Amino acid sequence: MVLYVLSYLAFEVPSMSQNTSHQTPENPGVHTGGAASFGNANFTGGGHAFGSNSTVNNYGPDANELKKHQLITTLPRAEAGRKVYEHEKQSGSCFPGTRQALFQKMKEWATNPNEFGMYVLSGLAGIGKSTVAYTIADWADEHHHLGAESAKLFFITIAYNLYHFNEKFKRTIGEALVTKAITESPQDQLDALILDPLKPIRNALPPTLIVVDALDECDDKGFILTGLRQLVQALPSFKVILTTQPEALSNDDSTTQEGRKVFLLHDIDADVVNEDIRIYLKYYLSAKQVKAKLPHLEEQWCASDAQVELLIQASGKLFIMASTAVRYILDTFWSAPDSQIKELLDAFAQGRTPFDNLVDFYTIILRSAIPDKCRDTRLVERYQAIVGTIVLAQVPLHVQSIARLMDIGVNQIRVVLRQLQSVISVADDIPRAYHKSFVDYITDSEQCEDINLRIDPTKRHTRIARRCFEMMGKHLKFNILELGIPARFMSNEEGLAKDGISDAKLQEKIPLALQYACAYWDGHLRSANIDDADLVKELEKFDNERMLLPWFEVLSLIRKLDSAHRAIRVALKFLKPTASDFRQLLSDGLRFISKFYQIIERSALQTYYSALLFTPTDSLLYRRNIDDALHRGCNVIGTTNQWDALIANLSHGNQGDNIQFSLDSTMFVSWNNEIKAMLKVWDAVTGTPISMIKGGSCSFAIANDFSTVASFENNAITLYDVNGSERGATLTTSAKVLAVAISSESLGWIAAGLSDGTISLWDTKEDSQDGKPIGSFGDYRDGGRLEFSATGARLAYLAKKGVKLWDVIQREFVADLDLVSHDFAFSRDGSRIVSWHECSVVKLWDCADGQPVGTIEKSPVDVVAISDNGYLLAIGCRNSVQVWGENHGNLLQAVNLDLRKLTWSLAFSPDDILAIATKSDVKLYSIKHRSFLCTLSTSSYPALAFSLDCTRFAVGYLSGTVSLSDIRVIESSSLSSNQQESSRVTALALSCNCSRVACGFEDGAVELWETDDFPKRRIAAHRHHQLLIMTLGFSPDGRQFASGSYEGNINLWDGEDGARRADLQYSKDGGLRGVEVSNSILAAAGDLGISLWDCKTLDRIQKFDESFTTPLSFSADGALLAASASTSASITVFDVKRHTAIATFENNKTARPHTMAFLTDNSQLVVWQYDRYDSKFDFLTFDIVSKKAIRGPSFEKFIQLPDMPLWHGVPVWVNKERDLEALFSQHDEPVPVLWIPRELDVRKWVQRRSMIGILCEDGRVVLLRLPTG
């Protein structure tokens, strides 16, 4: 699809007497048919981050203008249009003197402000739509030409050209760029960049013409039509010309009606068309033009009148026939027009229809490359490889890329292109078929009967797929761009900038042919021969040559990572369904890319440095690749052996407070309402994004069958398809819309609760797409719930008193369910409905007649859920959850779960697993087995949803994260283990030599483990504390460690065998915050000050008053102790031997120290702290002699700290994003070297020289053994 954006503000409309009949055309030939596809490789921009405002540096007095300019130039848009424009110029506009009546009509329409805003030019392939479109665009006398292949970049590209057109557009669109976040949603782009900024100045805008060619070749034609209708309706000065084949239009679209005029080119009288073709042929086949085209022709030649008439008859209204005939006759490769035209006319003499002639015509042209009955197999194979690649490539390729991909010489390709210049054009060294009819002909065995000429799609796709795999096997490798340190650890954008990798340098390392092979091999494999042994062998290079991870790396670098899921699924489908290591590797790859997508998308090389290290250790992918990875990065100890239930952690962007699965369980949606409202659609199998709808300050509703999405704001309801395409229908209400409910597609009903206390009902079935009001009810409670049953037969809503139930089909009132309830919910099968009031009662009702089934007297009631069949109820009552079931007409309590936490939300799966969400965790409980299946930690109040096929469970968090899990894995692992929930780890400590790790638990237990094979080798386990363990600490020599509990008790343990050595008491009233052990002294800090004990005699030897908190830190020799005051921002250093404070440093009041350490000479104390005000981690150095604070230590001082972790000799620590970052001497800022997956949810960490221990929110412990090389 091609579009042009022009204006006709500053020119006169020429009269027909001023027409161009005396002008001399520059180029023979008429271009018909739009550019088939431009491909993402031609998109420019990309620096703009979808969904967030870009950061742009401001300099000088015109900083705001610079910012606007930088934003507009970095927006992703279609670059191919300029090249298309040049190609159009070469092909030429309509020949002077032809199509005059049509052009006069179109010019009159374009200049008449009272005419319709849209002109649709419809016609068969080859009839000349594109040439007409180019000519009318050329007539408008503007030079902004661009291209786009889908709605994704369509409106953003229009905005880009409008911005550069005049100052009014530039100013208003520029302001929108600065103030609004631009997302991938086409509707959002249309609203944010065009409609919203231009509506206020609509009367001051110049007349503007948009020409859209070949709409039928766009995947998103429905939305583009809808969006263009919105545009011309909202901005009267805009007009649109559209060309398309008839089949791309619906019955409604193909007729002239309000808002658009439709002209069918194929309905033009044959005599008129023939005369146009006659003018064209006589000019280009005249002696003068033949001499100009073929200057070396020995004898003068021109076509006779009889020959011209025969060509006109053969063309049959199709300008493509006439223009291609001229190119064939005047082919410079042969320079024999007389013999060329005779060969054509002999073929046409059989008197077939124009479309049959077109087939014969193409056959004749191809004979110039492959003679009839050709026996030269090498010649045929070369022709088929070249032409097959051109017509079957997923995106157009440069000649050089075709040569490299197919291993054919460039000169050989150019020979074939010269032979076929009549049907294949070459612009900017990119060959394309002139017309889609040629592609249809050459790949169809019924049209192209000669097997030498025909391109067999299966055979060619197989060959291209093999070459893709051969190329990847030869060139893919770790760190393909050869990034240095620290660039390789950074995000793609930062790393490439750090090492000066420009786009040109990237293409040197990853040539376009290799990029194509990586991004598009699946498109060829999908259509390849499944029994081709050589192809299977090449595909298996993903395993044999360790291609999988380097493939992910390249996809990340070329921004095509979203194609990985699709490609792997194609490969799995292609392979025979027998078990094999390769199938397992691909299955691992699918889990891998889903689980670590966000890490790999941001940083290609973190595929190896981070994602691989957290991959299950028994997976084939891990075992195939880990040896090389361990030489480069950390050894992660304590990860899972098998893929766990978590499929992916997804970023919704804003708080994901609503989750819903589709009826077929293939998709799910997450959305938030009102503030930066956004709805995202996800693939439920892999968690990959499908589409997004952004609504600003609106709210959303979605049908159970996912047929319709509605956004509503103020007095308007806008309808979308689930792919994000707006339907074009906007429902306008009499009052502000507060709630919306949507029935299934078969019924097509939409209900809206309005601020005036009424419910409005619309019918939006296909025969009434604009929405027909069909009724309204009263007594709606302001902002109350509104919902259709799953069948759509019932509508329930909160009235001013209780809940009302309506029969929507009969449009009659059913029952007042309750006069006091404040909420309700339908069972998924629509048979029952439950209502409840927070202070009194829960009632279950029959949806058929509204009669009560049962009542539960409960107080208070926080939240209620109903099972799919309506026979189970779950009720959250403050710190407990009760499950009730129906038994012989009575509701009886079946389960009472004491959670000791306030329940936030509840949800049943179809097979009666109950999800219970609190503020801190989500528990899954099996009603059937009367047992908990698992507990997932959370950091906010989550939304819950199960898929109908019982395979998926999704949780949406207020933080904007959405987790997708496999419920089958959760069930199987829980039932196979058959164990009670274990106590969570609450404290952690590492010995100085990192051979031991001590863990303290929520139930007061203390365990000692070896780190080498953690968590398999447990040395000791004891439970001498009554309450949870608050703190642990090892002595420098590792011979002993201490544990402190919430009640104030301290135990001293042997560091080798874990035996208990002593019981000490900090306080009978608790208040203990932390313990620290030197080789001879134990220190305990808390609300009652600091106490010191002699580790040998166990005597308390000193107490320092004031309230202290963690961290505590001894110097290496045990002579000094640093402690942080809890009531002030000060840090005090004590002389342990003299039992006195020797220095006090006042710290930032918003700072919270995390770790403190003395230099080896005890001259300085380095404090690493978190500033709650600016959410940053920072380092301070306190000089103990001068009592002064110094910002930061130097790189050299970092190295001296005894417990500073070193990664390849470089200082590292856990940063505020909970990633491991390093300070490189050659880089000013720390760089993340290990990106810790967000599902680990790091809560605490401890560090030693060669290891970091991580304590996760769910109680898991992960150890990071650092590389020392």
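D818 is buried, at 8% relative accessibility (buried means under 20% relative accessible area, exposed over 50%, partly exposed in between, with a 1.4 Å probe and protein chains only). Its salt-bridge partner is K843, at 3.8 Å from N to O. K843 counts as partly exposed, at 22% relative accessibility. The model is predicted: local features need pLDDT of at least 70, side-chain atom pairs count only at pLDDT 80 or more, and totals for chains, interfaces and linings use all residues. Residues are numbered from 1 along each chain as its sequence is written, and side-chain values use heavy atoms, with hydrogens and water left out.

**Salt bridges**

- A salt bridge is a side-chain nitrogen of Lys or Arg within 4 Å of a carboxyl oxygen of Asp or Glu. By this rule the structure has 46 salt bridges.
- The side chains of K843 and D818 form one of these salt bridges. K843 sits in strand β31 (residues 841-846) and D818 in strand β28 (residues 812-818), so their pairing ties together parts that are 25 residues apart in sequence. Helices (H or I, at least four residues) and strands (E, at least two) are DSSP runs, numbered from the N terminus.
- R878 and D862 also meet through their side chains, at 2.1 Å from N to O. This pair links distant parts of the chain, 16 residues apart. R878 is in the loop between β34 (872-877) and β35 (880-887). D862 is in the loop between β32 (852-857) and β33 (863-866).
- R878 is partly exposed, with a relative accessible area of 43%. D862 is partly exposed too, with a relative accessible area of 26%.
- D1219 and R1238 form a salt bridge at 3.1 Å from N to O. D1219 lies in the loop between β65 (1210-1214) and β66 (1220-1222), and R1238 in the loop between β67 (1231-1234) and β68 (1242-1247), so the pair ties together parts that are 19 residues apart in sequence.
- D1219 is buried, at 5% relative accessibility. R1238 is partly exposed, with a relative accessible area of 46%.
- D543, R546, D581 and R624 belong to one network, joined by salt bridges that share partners.

**Cavities**

- A search of the whole structure finds six cavities of 30 Å³ or more. On a 1 Å grid over the protein atoms alone, a cavity is a set of points where a 1.4 Å probe fits but cannot get out; lining residues have an atom within 4 Å of a point.
- The second largest cavity holds about 60 Å³ of space. Grid points are joined across faces, edges and corners, and a volume is the space filled by probe spheres set on the points.
- The second largest cavity has 15 lining residues; L483, N492, L557, A604 and L605 lie nearest its centre.
- Helix α20 gives the most, with three residues.

**Confidence**

- The protein chain averages a pLDDT of 81, and 81% of the residues score at least 70. pLDDT is the predictor's confidence in each residue, from 0 to 100.
- Residues 1-61 stay under 50 in pLDDT, and the model has 196 contacts for them beyond four places in sequence. Contact means heavy atoms within 4.5 Å.
- Residues 77-91 are also below 50.

**Around I1190**

- I1190 lies in strand β63 (residues 1188-1191). I1190 is partly exposed, with a relative accessible area of 39%.
- I1190 touches Q1164, L1180 and T1181, not counting residues up to four places away in sequence.

How values were computed: On a 1 Å grid over the protein atoms alone, a cavity is a set of points where a 1.4 Å probe fits but cannot get out, and a pocket is an open set with protein on both sides within 12 Å along at least five of seven lines; lining residues have an atom within 4 Å of a point.
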